[in-house]
Each structure stands twice: as C-alpha cells, then as structure tokens.
Amino acid sequence: MDGPRVSLLASWGVIEGGHGASAFRNPSALAADHEGNLLVADTGNHRIVKLDPDGRRLWAVGAEDSAGRPRRGTAQSEFDSPQAITVDFEDNVYVADSGNCRIQKFSPEGDLLTLFGSWGNAPGQFGGDGPLGIAVDEQGRVLVSDSHTADGGNHRVQMFTPNGDYLEHFGSYGTGPRQFGGAAPIRQYGFDHGPGIGPGPIGPAGIAVNIQAGHLAEEHLRGGTVYVADCDNDRVIGFRGRTVPPLHIGAGEIFRPRQVAVEGNGRVYVSGVHMHEPPMAVHDLNRPGKWRLEAEARWVSVFSAYGTPLGRVGLTETHDLMRHRYGAGLHAHGYGLALNRLDESIVYVQGDHLIFSYRVEW
Amino acid sequence: MVTGPGIELLSAFGPKQGGHLPGQFHNPEGLASDSRGRILVADETNHRVQRISPDGEPLWSLGAVGADGRPSHGTAPGQFFMFRGIGVDADDNLFVGDSWNNRVQKFDSVGSFRMMFGSCGNKPGQFGGAGPNGLAFDADGHIYVSDTHTYLGGNNRVQKFDHRGRFVAAFGGHGEEPGRFAGRSPLRGRYGHEIGRGATSPEGPYGLAVGPISGHLYASDTENNRIQVFDLQGNFLRSIGGGAVFQPRQICLDSRENIYAAGFHCPPDVAGIGPVVPVGPQHRFLWILSKDGDLLATITADEADGMFDHAGGRHHAVAVSRSDEGLVFIQAGHRILKFRVHW
C-alpha cells in the first residue's frame, strides 16, 4: 500500500476554536457544492457556514443570543449540534439538525426551503442522537442515518423525497449484513439520559452515494452504491441494491468511522478514529472517563470502490495541531470530510476546531 | 346550586364510534374557532386538522394520507402525529401543537404551511415527551405554548416564543406552589418508562388563553385542579377555580373573558384506574367561570342528552364561536357537541 502524496493547501479556523467569523467549534461535517464552495456544519456553534474556495465566509445561518454569540435553538434556521450536511444537484443544502432530530433544507443562498422529522421511532422520526448522516442519491432522494431511541435502536437509513415525505428505510440493529451499530449490547438508551444525550451505540453515521457507479441497473432499487459508516461495527457498508450482497469495508483498518466521501471514480474516503488499539481500554488515569487517543489515531482511510485499502490522508504536522491527544471524548475529533467536486484531489478534513484542505495525489 | 343560563344541545357531529372520513373524528382533542365561527378540530388519532362549518360540514383538512388513503401520521410540514393543541390567532392563522412531533406548526387562514418550531427535549424551545399541548397568542405576536413532562422529569412549563418561533422565555415548572404546574402527582424520575411514548402524566399546564380585556395569560393546571393567571412576563397573579373545577384541560375565553374549561369527569381517586364510574351531575365536564373565578354555569351529562360518552371517551376540548358567542362546542368522546348558552 503505497498511498497518496499528501500536501497541505490551507487550514481554516482557529486552533482553540471560537465563535467569531473566522472560527469554528468542532465542525464535524463538511460538504462541497458544485461551485467549489464548502458547507460547514459548525456543530459546537450550532450554525451552518458556507465558505468560498478560498475559505472566505459567504454566509452563516443559526441562532444567536442578544450578544451575538451562537446558541442552540429550535425555530426555523436554528440548530442544535448539527452533525451532518450535504448538497443536492442544485446545490441546495440539507442539514442534519441532530439535536433537534430533524432535517432542514436551504437554498444555495441559505434561505430555508423546508424542514422535516422529529424525535421518535415512527417512520420519518429519528432516535435520541438525531440524524447523524445525510446524502442525496442519483434520483434526488434524501438518505438519512438514524440513531438509537429511548425505546431501543432505530439504527436504520431512512429515505425521503426532496420535500421530506418519508419513503422507506433499510437496516436494523445488529452485526449482520445490512445491520448497523450492533457491537455494543443494546440497552434502553435514553431512559437514563434523555433525548439527545444518551451514549447509545452509534449505528449508521456518515453516508455517501457514488452516483456514477458502474453497475447502475434497472433491477437495483438503489442504482448507485450507497456507502454507510457503520460506526460501532467498525466498518463501512456499501449497499448496491437489494439483490446484491452488501460490501463490508475496512475490517482491521478503520475504527469508529463517522463520515464517508466518495470520488466519482469510486475511491471511498472514511474519517473516524482509526486503528486505535486497544480502542476501549486506553484511559487517561488523570481524567477518568475520558478516552486518551494516540496522535496517530485519527486520519482518513481510503479504499477502492470494492474495499481494497489504498492509503491514508493526514499529515503529522496537522495532527500535531489537534487537541485530541488527551481526548475530550469521542465527539471531539476530526470527523468532517469532503471532496472538492471541481477538483477531487482537494480533500477537506476536520481537525478538531480546524478545517484542513489537503492536496491528495494518487 | 348554580342558577345559570339555559343550556341547549343543538347537534352532535360525527359518529359515536369515530371515523376517518371527512366530518368524522377520532378523539377530537382540541377545538378552536376562527373569526367567522368556523371550527378547527385537532382530530388527534386521525393525525389531521379539520376545518368544519358551525353546522359540522367538513370544509378542508390538513395532514398526511397513507398509501391506503386513510389519514396517517408524518413528520413533513403539514403532517402531524397525535396532537391536541390547536389555536387560531387574531388574524385567523392556525397553530397546531404537533404533540408527538414535539413542535408547533403555523398555517395561514387557507391552510398553507407558514413555519414550524420546536423539538424534543428539556432545553429552551424544546418540548417534553408528550409534546406541546395548549397554544395562546398575545397582541404583540408572541406565541405561548404549554409544555409537558420529559423522560428526565417534568418540563411542565409555559414557553413564550416570538412571531418567528424563536424562544423568548419559559416559566412554571413542576410543583403545587403558585405559578407551578402538575404537582398533585409526585414527579417520578422519568415518565414514559412504563407507559411509553407520549404518556401524559403528570399533566399540566394544558390549555392556554390570553384575556381580551385583562391581557393576562390563563393556564389550566390540570393535576392541581385549578386555573392560574399570569402576566405576559410569566409572573404569577392569582389562581382561580379551586374547589370548582376538576382536572381542567382545554380552556377558552369569550369577549367578556369568561372562562370555559373542559375537564375529565372521573373523581381523582378512580381516574385512570379500573372501570370508569357512572357519570353523575357531580362529575361535570364543562365549567364556565367569570374572570374572577365565579362559577357561572356548568354543562354536564344532563345537558348532553345521552350524547355524553362515558365509556372511556374523553372530554378535553372546548371552543366558543368567535362570531356567535352563544355557541359552545365541546368534545364528547369521538363526537363534537354543539350547545347554545342562553345568557
């Protein structure tokens, strides 16, 4: 595995994080539009920011308090810890408003178009951690990863029309094919912790669709390959329609995958906490309950469309900037990931409160 | 003994057993009148809003429709999930307390979606597990929403939002003290444990209304068997109805600021446990109070002429026509009863 040549083009944000116009706070999801702009789910600031190709802010949407600081909110165009974001073919923006258990859809200019979803386990509802992944497929349908609920696990991918009407879902809780999140025993999460703060098993997280997949066929319900980060099962599942067995990608290579991006030619990029051994046993004795992560523990792994490991994206210098060595928990890491749609050799990766722009040459 | 106005039952809308066709209802748990006296019905287990004429003719409805053509719950704009709160503001905009979606939706007077806000939780702007219940509006465009308990315990508060649905303030909390709600039942750790999603106990605040004369906010405090009055900043002013009303749920006001409160008809000792006791005159289910709390009239099983469904049916909703204030609409199980009060 030779891997790609990686160089740093730019880093955006402030190392220590912040709420100013040039800062982010744990921007844990990224999406590139078709104009070369970058959409940022600025999770800890409860806002969505659109950046031009040079990292300049075009607009931001989210609630602010009377002093102009970001806050969480429940009105339209307000967010609570958004953790996934994507764009459709017209560069409309879908945001997984995770803490509010709903999806909000915006125009390329940031105007609200619609919103849908709520907390629960009925069709169209999302579990206690809210939606954690979102993508648009080749037919414009919206695929959303759903988390556990207080009553057990949703652990499914739900599909909606562009207007938010529920269509169907796939997946369930477990470790088998087409199942998500099943590495941890399922308890009645949320009873102890309430909506939104229960550390349930994380099932499907990031989603990416390869709409140029070479095996589009009539008999496949889902024409493109749908890659889903199956976080607590430590794998990425590639769905290729109902009749073809799914691919399981990343055994032994990826750990707790969170976001996925796919190139037009099929290469799959996966962010998360990778190859961290032994993952659950390394504690910092000075900070009980906090995970201590090795400096090398977080990078982006890259696979072929069929799961062959190709290499990793990440630089020692940029890892040194991140604050995860005495980790503040599994939520405080670099999950955000996107490929520039005009030039797929440009890869955007979150590093704690920063966003790195890498040149990746294969 | 109250010697009040004459009460006349005019008609009953919908079949006793309920239904899903237009003009039929299934647990119409919320009622509101627009300025022309048309009634907006929170058709709870049909997951839809119906607008009906004062004579019960179906005009239009909002809500999801399933593949089988029957009403269905949903989470998109204009779709609902088990809701009870409904209100119409001074401009005839419709607000729906979309209970199990834990949000409020706003529509204009012809039923076009305008906005929504809220989600599930106990933070500002979020609603408890049974979702928002009552709705009220002040002259400055603020929206008041009564909030239920959560898995974590009780929200049991009134939340105030601006005209765009942005959180402004919250007041109340679980307790029996003045200004608090639902404290008659002890607050256990996490409601919903045993009884699942949407469990409604302890209940309160429930119905909300802003007085057209005083400008005060009236909130029915179901479990505490009273109606509390606040100023619009949430300061407690007084409590009324104690000893007269029992388990008040939806309330509405007429232009004289008389209070119409719909209540459950079971005595507290048996409510929710075992067979429902026979309905007697002492188990009144609608009270009309003056704004100072004097009991002006009651509508009981006697006036309901056998339409009163006491086999588990609920009687939580009430609306006074805004174009003809003698007309009072009351939920009776799956039906809506139309009365005339001869003042």
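In the predicted model, strands β28 (residues 327-332) and β29 (residues 335-342) of chain B run antiparallel and are joined by six bridges. Within this pairing, Gln331(B) has Ile336(B) of β29(B) as its bridge partner. Both strands belong to an open sheet of four strands in chain B, ordered β1-β29-β28-β27, with antiparallel pairing. The edges of the sheet are formed by β1 (6-13) and β27 (318-320) of chain B; each has a single partner strand, so one side of each is left without a neighbour in the sheet. On average, and with direction ignored, neighbouring strands of this sheet are turned by 25° against each other.

For chain B as a whole, the secondary structure comprises 29 strands and zero helices. The chain has 343 residues, of which 53% count as buried. Among the contacts in chain B with a separation of 6 or more, 50% are accounted for by residues 24 or more positions apart.

In chain A, strand β28 (residues 346-351) is joined to β29(A) by six bridges, and the two strands run antiparallel. Gln350(A) has Ile355(A) in β29(A) as its bridge partner. The two strands β28(A) and β29(A) form a hairpin, with two residues between them. In the turn of this hairpin, Asp352(A) has a positive phi of about 55°. Strand β29 of chain A, which covers residues 354-361, is also paired with strand β1 (residues 5-12) of chain A. This second pairing is antiparallel and consists of seven bridges. Here Ser11(A) stands opposite Phe356(A) of β29(A).

The contact between the chains takes 29 residues from chain A and 31 residues from chain B. On the side of chain A that touches chain B, at least two residues each are supplied by β10 (112-116) and β11 (118-119) of chain A. The most is given by β10(A), with three residues. By residue class, the side of chain A that touches chain B divides into 15 polar, ten nonpolar and four charged residues.

Notes: Residues numbered from 1 in each chain as written. Chains lettered and ligands numbered in written order. Predicted model: local features only at pLDDT ≥ 70, side-chain atom pairs only at ≥ 80, totals over all residues. Contact = placed C-beta atoms within 7 Å. Nonpolar A, V, L, I, M, F, W, Y, C, P; charged D, E, K, R; others polar. Buried ≥ 20, exposed ≤ 12 C-beta atoms within 10 Å, placed from the backbone. Pairing = 2+ DSSP bridges. Axes fitted to C-alpha atoms, helices over the stretch in contact; angles between N-to-C directions.
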